[in-house]
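Walk through this model with the structure open beside you.

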Amino acid sequence: MVSRVRSLGIKGIGGYEVSVECSTSQGLPDFSVVGLPDTAVKEARDRVRAAIKNAGLRFPVSRITVNLAPADTRKGGTAYDLPVCLGILAAAGEIKEPPEDCAFIGELSLAGELRPVRGALPMALAASRAGIKRLYVPEDNAAEAAFAEGVEVYGARSVTQLLEYFYGREELELAAPPAVFAGERRSADFSEVKGQANVKRALEVAAAGGHNILMVGPPGAGKSMLAKRLTGILPDMSRAEMLQTTEIHSVAGLTSRARPVVDERPFRSPHHSISAAAMSGGAQLQPGEMSLAHNGVLFLDELPEFHRDVREALRQPLEDGVVTVSRAAGTAVYPSRFMLVCAMNPCRCGWYGHPTHRCTCTEREVRKYRARVSGPLLDRIDICVEVPALEYAELSGKAEAEPSREIKKRVDAARRLQRERLASSEADCNAHMGPKDMERCCALTSECSELMEQAYNAMGLTARSYDRILRVARTIADLDGSAEIRPAHLAEAIQYRTLDLNAEAGEE
C-alpha cells in the first residue's frame with residue numbers, strides 16, 4: 001500500500017514543498033529512505049521506529065520504502081520525521097491518510113514527542129504559496145510559523161496528541177501570530193555616552209541614509225560603545241523586513257519560542273578571527289554573518305585585524321546587497337543589505353597621534369598597519385570619522401547627553417523624505433540609490449559643483465567616492481529638511497572623506 005503526506009523543506013533561506021511517499025510491501029523487513037537524504041534524514045528511520053512503538057502503535061513488519069519528492073533535490077534536517085511517521089502508519093493501515101490540504105513538519109523524540117526544527121517560517125511561507133490550508137508543526141515552532149499569512153498553523157506536543165486530534169478526541173488550538181515589539185528599544189542609549197558630539201552626528205547621518213561608517217580612534221575612546229547604540233536610532237522594521245530577517249535567522253537556528261520573530265534590527269559583531277566562510281556562508285549553505293546582519297548592522301571592531309580574505313569578501317555584497325555562496329553542497333544566494341560599521345585604532349599600539357605621545361610605532365609600522373584596509377574597501381565606506389580621546393572635563397561632566405529617542409525622531413523624518421522621493425525606485429534610502437536616482441535627487445548648484453570639483457581634484461577621489469559624497473550630502477540635506485543640496489551640506493559630506501588621505505590604503 002502507498003500513502004502520500006505533504007511536507008516542506010528548506011533550500012537556502014527559501015522553503016519548497018516536499019511530498020513524502022511511503023510504501024509497504026511483502027518481503028524481508030527493511031526500511032529505506034530515498035530522494036537524496038542527508039545523514040540526519042536517514043537517521044529518521046530509527047527515530048520514527050522508536051516513536052511509533054513508544055506511542056503504543058504497531059510498527060509494520062514489512063519492506064518499507066520512503067521517497068522524498070522531488071527526488072533530485074537534496075534533503076536535509078529533521079523536519080521530515082513527523083510526515084514519515086504518519087506516512088508509514090497510513091501505508092500500514094493503522095490510520096487514515098491525512099487530508100490533501102494539510103502539511104506536516106517536525107522532529108520526533110524516541111518517545112514520540114515533537115521537537116522544534118529550523119526554518120519554520122520560510123516553510124510556512126512556502127506552504128501558503130503551495131495552496132496548503134493547514135500546517136501542523138511542533139508546539140515550539142507554532143508562533144513563528146503563524147507569522148506567515150495565508151495558512152492555518154497548529155502546534156502539537158506529540159504524535160499521540162496529533163492522532164487524537166484527527167480522531168476527534170482532542171482539540172488543537174489555532175496558533176496566533178506573535179505580537180511584534182512596540183515600545184522602548186532594547187538597545188543601549190546614546191545618553192549614556194559622554195562627549196563625542198562629532199561622532200554622534202556622523203552616526204546620525206549614517207543612520208538617516210543607511211550609510212557605511214568607519215571610526216578611527218585610540219583604545220577607550222568609545223568606538224564600540226557608540227556602535228552598539230546605533231540600532232537604537234535606526235527606523236523601525238517593516239513587516240516585510242521582519243519576515244525576511246526572521247527567515248534568515250530561523251534557517252540559522254537563532255529563533256526560539258521566547259522570541260519567534262526578529263522584530264528589531266539585528267546587530268552582528270563577529271570576532272576578528274572569523275573565517276571568510278563564516279562571514280559569507282558555511283559549508284552546509286548556512287547563512288553567514290553578512291546575511292544575519294541583513295536589514296541591520298554588521299560591526300567589525302578592530303577592522304585591520306580581520307583576515308584579508310574576510311575584509312575583501314565584503315566588497316561585492318556592499319555593492320549588490322546579496323552574497324552568492326558556492327560550496328560542495330550547492331549554491332545559494334542570500335540577501336545581505338546591511339550597514340557596515342567599522343572601528344580601528346590609528347596604529348598597532350593604538351596611540352598614534354595621542355596628546356600624551358604614548359605611541360611606540362614607527363612611521364613605517366603605522367603605514368603598514370593602515371595599509372591592511374585596502375583602497376577598494378575604503379571606497380565603499382561613506383563616512384570616515386575620527387574618535388578622539390576624551391578629556392577629563394568631558395568624562396566628569398554632569399550634563400545629560402541627548403537620548404536615542406530624540407535622535408531617532410530626526411532619523412525617521414529624514415527616512416520618510418527619502419521613501420517619498422524614491423517611491424518609484426527600488427531603493428529605500430539614499431545609500432542604495434542607483435545612477436538614475438542620483439541624477440534626479442542629487443543635482444548640484446553651480447556653487448556646489450565648484451566646491452565638489454575642488455575636493456575631487458585635491459583629494460584624488462574616485463568615481464565611487466564622488467557618488468558616495470553626493471549620497472551623504474543628500475542625507476545631510478534631508479536631516480536639515482532642505483529640498484536641495486546646499487554648500488554647507490556638501491562641505492560636511494566632504495569632511496567625512498578626509499580621513500581617507502591619512503589611511504594611506506594599499507595592499508598587504
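Is Arg157 buried, partly exposed or exposed? At 45% relative accessibility, Arg157 counts as partly exposed.

Some ground rules apply. This is a predicted model, where local features need pLDDT of at least 70 and side-chain atom pairs count only at pLDDT 80 or more, while totals for chains, interfaces and linings use all residues. Residues are numbered from 1 along each chain as its sequence is written, and side-chain values use heavy atoms, with hydrogens and water left out.

Stay with Arg157. Its side chain meets that of Glu139 in a salt bridge, 3.9 Å from N to O. Here a salt bridge is a side-chain nitrogen of Lys or Arg within 4 Å of a carboxyl oxygen of Asp or Glu. Glu139 sits in the loop between strand S8 (134-138) and helix H5 (142-146), and Arg157 in the loop between strand S9 (152-156) and helix H6 (159-166), so the pair ties together parts 18 residues apart in sequence. The element names follow DSSP: helices are H or I runs of at least four residues, strands are E runs of at least two, and both are numbered from the N terminus. Glu139 is partly exposed, at 29% relative accessibility.

Arg257 is exposed, with a relative accessible area of 51%. Asp140 is partly exposed at 31%.

Arg63 and Asp30 form a salt bridge, with their closest N and O atoms 3.8 Å apart. Arg63 belongs to strand S4 (residues 63-69) and Asp30 to strand S3 (residues 30-34), 33 residues away. Arg63 is partly exposed at 38%, and so is Asp30 at 33%. By the salt-bridge rule, the count comes to 34. Some are linked: Glu319, Asp379, Arg380, Asp382, Arg464, Arg468 and Arg497 make up a network of salt bridges.

Next, the sheet. Five strands form an open sheet in the order S11-S12-S15-S10-S16, with parallel pairing. Two strands pair if DSSP finds at least two bridges between them. S11 (267-268) and S16 (383-386) stand at the edges with a single partner strand each, so one side of each has no neighbour in the sheet. Inside the order, five bridges join S12 (residues 297-301) to S15 (residues 339-344). Helix H7 (residues 197-209) lies across S10 (213-216), S15 and S16, and runs at about 165° to S16. Axes are lines fitted to C-alpha atoms, for helices over the stretch in contact; angles run from 0 to 180 degrees between N-to-C directions.

Now two helices. H17 (residues 404-421) and H20 (residues 463-479) pack at about 115°, with their axes 8 Å apart. H17 supplies Arg410, Val411, Ala414, Leu417, Gln418 and Arg421, while H20 supplies Arg474, Thr475, Asp478 and Leu479. A contact means heavy atoms within 4.5 Å.

Asn430 follows on from there. This residue lies in the loop between H17 and helix H18 (435-441). Asn430 is buried, with a relative accessible area of 0%. Leaving aside neighbours within four places in sequence, its contacts include Gln418, Arg421, Arg474, Thr475 and Asp478. Gly209 and His211 are also among them.

Two stops remain. In H6, Val159, Gln161, Leu162, Leu163 and Tyr165 are buried. The buried residues of H6 pack against H3 (81-91), S5 (102-104), S6 (107-108), S7 (114-115), S8 and S9. Just after H6, Gly168 takes a positive phi of about 85°.

Finally, go to Val5 in strand S1 (residues 2-11). Val5 is buried, at 1% relative accessible area. Among the residues that Val5 touches, beyond four places in sequence, are Val18, Val20, Leu86 and Phe104. Cys22 is 17 residues from Val5 in sequence and 8.3 Å away in space, C-alpha to C-alpha.

Definitions and conventions: Buried means under 20% relative accessible area, exposed over 50%, partly exposed in between (1.4 Å probe, protein chains only).
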